[in-house]
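Please work through the following exercises with the sequence and the structure open beside you. Each task is followed by a solution that goes step by step.

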Amino acid sequence: MATEQPRITIFDTTLRDGEQSPGCSMNHPEKLRLAHQLDRLGVDVIEAGFPIASDGDFAAVKAIAGLVRRPIIAGLARACRPDIERAWEALKDAARPRIHVFLATSDIHLQYKLRITRDQCLAQARESVAFAKSLCDDVEFSPEDATRTDPEFLCKVLEAVVEAGATTLNIPDTVGFTVPAEFGELISTLRQRVKGIESVTLSAHCHNDLGMAVANTMAAVAAGARQVECTINGIGERAGNAALEEIVMAMRVRRDRYPYESRIEGGQLFAASQMLSEIIGVPVQPNKAVTGRNAFAHEAGIHQDGVLKNPLTYEIMTPQSVGVPDSRLVLGKHSGRHALSIRCEQLGYQFDRRALDDIYRRFVRLADKIKHVEDHHLLELIRETHKPAASATPLFEPLATAVAAAVSVPAQEAQRPFPLVPQTNAFGLPLPLPAEQHHEQEDYLWGV
Ligand code: KIV
Ligand code: ZN
């Protein structure tokens with residue numbers, strides 16, 4: 001019988017921590033659109049904004065609270081009455097509101113930023129959480145810069161806010177300073193030392209300044225954190241926050257190491273990533289884990305051959321599991337015949353072995369000149385290859401020279417037989433060839 005795995009609460013802060021990063025601001029309708037996508041994605045908590053920060057933020061939190069009814073809607077507040085009141089005003093119509101109160105606890109923040117003593121900090125944390133609790137049952141507290149806070153003092157503050165009614169304790173690595181083993185130890189220490197911690201949810205909030213936000217988050221989960229705070233595409237202050245899609249897929253792909261569940265609908269990850277990128281006008285880096293356009297692309301011939309035979313050879317998750325429409329084989333100078341012939345078939349051309357050899361030689365010459373051979377280049381090349389050289393008319397002007405050079409071979413070589421007429425189904429799509437006609441040889445051996 002399958003045992004139930006602990007469930008991790010996914011707290012998305014794309015609309016708050018993400019939105020406050022440079023170049024990532026969103027207008028009201030855009031925030032609503034993304035909030036609905038986060039709902040479809042299945043996040044448990046949407047941090048919709050920081051209501052006191054601006055009238056726009058207030059209005060967005062209020063609108064999301066009114067329209068998005070399944071997830072918890074959180075609003076951020078500093079540890080003071082005006083912030084908390086404003087947050088509550090924006091949240092009070094939500095089906096499931098949460099006030100998120102934060103106060104820095106590290107000496108460097110107390111001394112230089114807030115100019116208060118540790119005792120004042122302790123009192124302020126306690127009082128603000130008690131006030132938030134008087135308005136809302138669900139109160140989260142974050143000791144800002146927790147990872148650079150004296151652990152003794154951190155335990156004291158956390159104990160005080162649990163007593164005052166906090167239901168979630170979020171531990172932020174505000175400046176992305178910690179490393180996985182250290183952060184895991186901190187979470188374990190808090191679980192052992194903070195009285196009452198067993199009755200609240202422990203959460204991790206990691207920034208990516210050293211590129212370890214996701215690794216630190218996973219270490220926290222392994223040490224007992226049951227909520228993770230993250231953003232789509234990892235957007236956020238400076239180097240960003242832990243990326244939601246990476247955390248979720250790490251738990252799915254490495255269930256052996258991270259035996260935890262989330263309610264995320266994997267098939268919506270790519271759509272969420274694309275929607276955010278389109279809204280903020282910031283492209284997803286091509287090699288971004290899980291949702292980058294190269295995450296499921298294979299160019300090297302050996303890899304392409306393996307993936308075509310069995311995707312598990314080079315893919316640890318399926319493109320479908322994260323909502324990427326299809327695995328894309330990138331045709332470039334490292335590609336082999338196997339990938340080329342599959343792409344030709346997808347374009348409606350089936351070649352016998354000799355014809356494919358011919359196309360392949362020309363393809364390699366072209367790929368040497370341009371980085372990626374797109375479908376339209378390939379179509380042009382196929383047409384050029386199977387025309388008498390003298391009457392060749394390039395179909396795509398910008399590439400005319402490169403293609404013409406790639407196909408300018410001796411006349412007798414250009415006079416190859418035309419491709420077999422593709423067998424098509426009722427919808428005009430090419431029918432697959434019988435298995436034995438496929439790929440008789442290891443393509444990468446041909447390609448080298
Ligand atoms: O990074 C941080 O400390 C924060 C808090 C407000 C949770 O974003
Ligand atoms: Zn943050």
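## Exercise 1: His207 and its partners

His207 and Asp17 make a polar contact through their side chains, at 3.1 Å, a polar contact being a pair of N or O atoms within 3.5 Å, where within protein one atom must be able to donate a hydrogen and the other to accept it, and where residues adjacent in sequence count only if both atoms are side-chain atoms. The model is a predicted one, in which local features need pLDDT of at least 70 and side-chain atom pairs count only at pLDDT 80 or more, while totals for chains, interfaces and linings use all residues. Side-chain values rest on heavy atoms, with hydrogens and water left out, residues are numbered from 1 along each chain as its sequence is written, and chains are lettered from A and ligands numbered from 1 in the order in which they are written.

Task: Locate His207 in the chain, and say which backbone oxygen lies 3.3 Å from a polar atom of its side chain.

Solution. Begin with the secondary structure, where helices (H or I, at least four residues) and strands (E, at least two) are DSSP runs numbered from the N terminus; His207 belongs to the loop between β7 (201-206) and α9 (213-222). Next take its accessibility: His207 counts as buried because its relative accessibility is 4%, the limits being under 20% relative accessible area for buried, over 50% for exposed and partly exposed in between, with a 1.4 Å probe and protein chains only. The backbone oxygen asked for is that of Gly240. Finally, if neighbours within four places in sequence are left aside, the residues in contact with His207 (heavy atoms within 4.5 Å) include Asp173, Thr174, Glu237, Arg238 and Asn241.

## Exercise 2: The shell around ligand 1

Task: Which residues surround ligand 1, and how many of them are nonpolar, polar and charged?

Solution. First collect the residues with a heavy atom within 4 Å of the ligand: Arg16, Asp17, His100, Phe102, Ser142, Glu144, Asn170, Pro172, Thr174, His205 and His207 surround ligand 1. Then sort them by class, counting Ala, Val, Leu, Ile, Met, Phe, Trp, Tyr, Cys and Pro as nonpolar, Asp, Glu, Lys and Arg as charged, and the others, Gly among them, as polar; the shell has 2 nonpolar, 6 polar and 3 charged residues. Now look at individual atom pairs: a polar side-chain atom of Arg16 is 3.0 Å from an oxygen atom of ligand 1, and side-chain N or O atoms of Asp17 and of His205 each lie 3.1 Å from an oxygen atom of the ligand. Ligand 1 taken alone exposes 260 Å², of which the protein buries 95%, with accessible areas from the Shrake-Rupley method and a 1.4 Å probe, and, for residues, only the protein chains shown counting as cover. Two or more shell residues come from each of α1 (14-18), β4 (97-104), β5 (139-144) and β6 (168-173).

## Exercise 3: The nonpolar cores

Task: Which residues have the most contacts inside the largest nonpolar core, and which helix gives the most to it?

Solution. A nonpolar core is a set of buried Ala, Val, Leu, Ile, Met, Phe, Trp, Tyr and Cys residues joined through side-chain atoms within 4.5 Å. The largest has 97 residues, and Ile10, Phe141 and Leu244 have the most contacts inside it. Helix α7 (residues 151-163) gives the most, with 8 residues. Apart from this core lies another, of 20 residues, including Ala339, Tyr349, Ala367 and Leu381. Returning to Leu244, its contacts beyond four places in sequence include Ile10, Leu41, Val43, Ile232 and Leu269.
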